Each structure stands twice: as structure tokens, then as C-alpha cells.
Amino acid sequence: MALEEVHSPVSGTVWKLEKTVGDRVSPSDDILIIESMKMEIGVQSPKDGKIVEIKAAEGEAVDEGDLLAIVET
């Protein structure tokens, strides 16, 4: 098993967490949604797996490249 890091593609605010630790995910699943410049941007899992850690909270400001979650594949 490998760990895949999920990083923020943009600077913005975490608008909503779509998944929680322990949830199974696939590449089409949004883990969370970031609001940036009045747009909602879904941050998806890179691979099939299980979320082992979420590093961001709703309402938290994030910068491009920040670590948001870790997925065990």
C-alpha cells in the first residue's frame, strides 16, 4: 500500500468537506471543495483508495500546493 498526497490546486478557502477519514474514494470523487475567486473547485482523489488523513477544515484558508489530504492506495 502506498500513500498519495492531495495538494491544493489553487489558493482559496475550504468551502466544504465532501469526505471524511475512512471513506473509500475513486479518482472521480471530490474530497473537498475550495472556493476561490467566487468559483467552487472540487479537489479529487488521485487514485482509488481510502482517506487516512484530512489536513484542512471547512472555512480554513489554503494556498496553492498546501497538503489537504492523504489517501492510502
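Let's start with Met37: it's exposed, with a relative accessible area of 77%. Bear in mind that this is a predicted model. Two spots are worth a look here: the loop that holds Met37, between strand 4 (30-36) and strand 5 (39-44), and an open sheet built from four strands.

- Most residues other than glycine have a negative phi.
- How accessible is Lys38, buried or exposed? Its relative accessibility is 81%, and the cut-off for exposed is over 50%, so Lys38 counts as exposed.

**The open sheet**

- Strands of a sheet pair through backbone hydrogen bonds, either parallel or antiparallel.
- In this open sheet the four strands come in the order 1-8-6-3, and the pairing is antiparallel.
- Which strands stand at the edges? They are strand 1 (3-7) and strand 3 (24-25).
- Strand 1 and strand 3 each have a single partner strand, so one side of each is left without a neighbour in the sheet.

**Where strand 1 meets strand 8**

- Strand 1 and strand 8 (residues 67-72) run antiparallel and are joined by five bridges.
- For a landmark along this pair, look for Val6, which stands opposite Ala69 in strand 8.

Conventions: Residues are numbered from 1 along each chain as its sequence is written. This is a predicted model: local features need pLDDT of at least 70, side-chain atom pairs count only at pLDDT 80 or more; totals for chains, interfaces and linings use all residues. Side-chain values use heavy atoms; hydrogens and water are left out. Buried means under 20% relative accessible area, exposed over 50%, partly exposed in between (1.4 Å probe, protein chains only). Two strands pair if DSSP finds at least two bridges between them.
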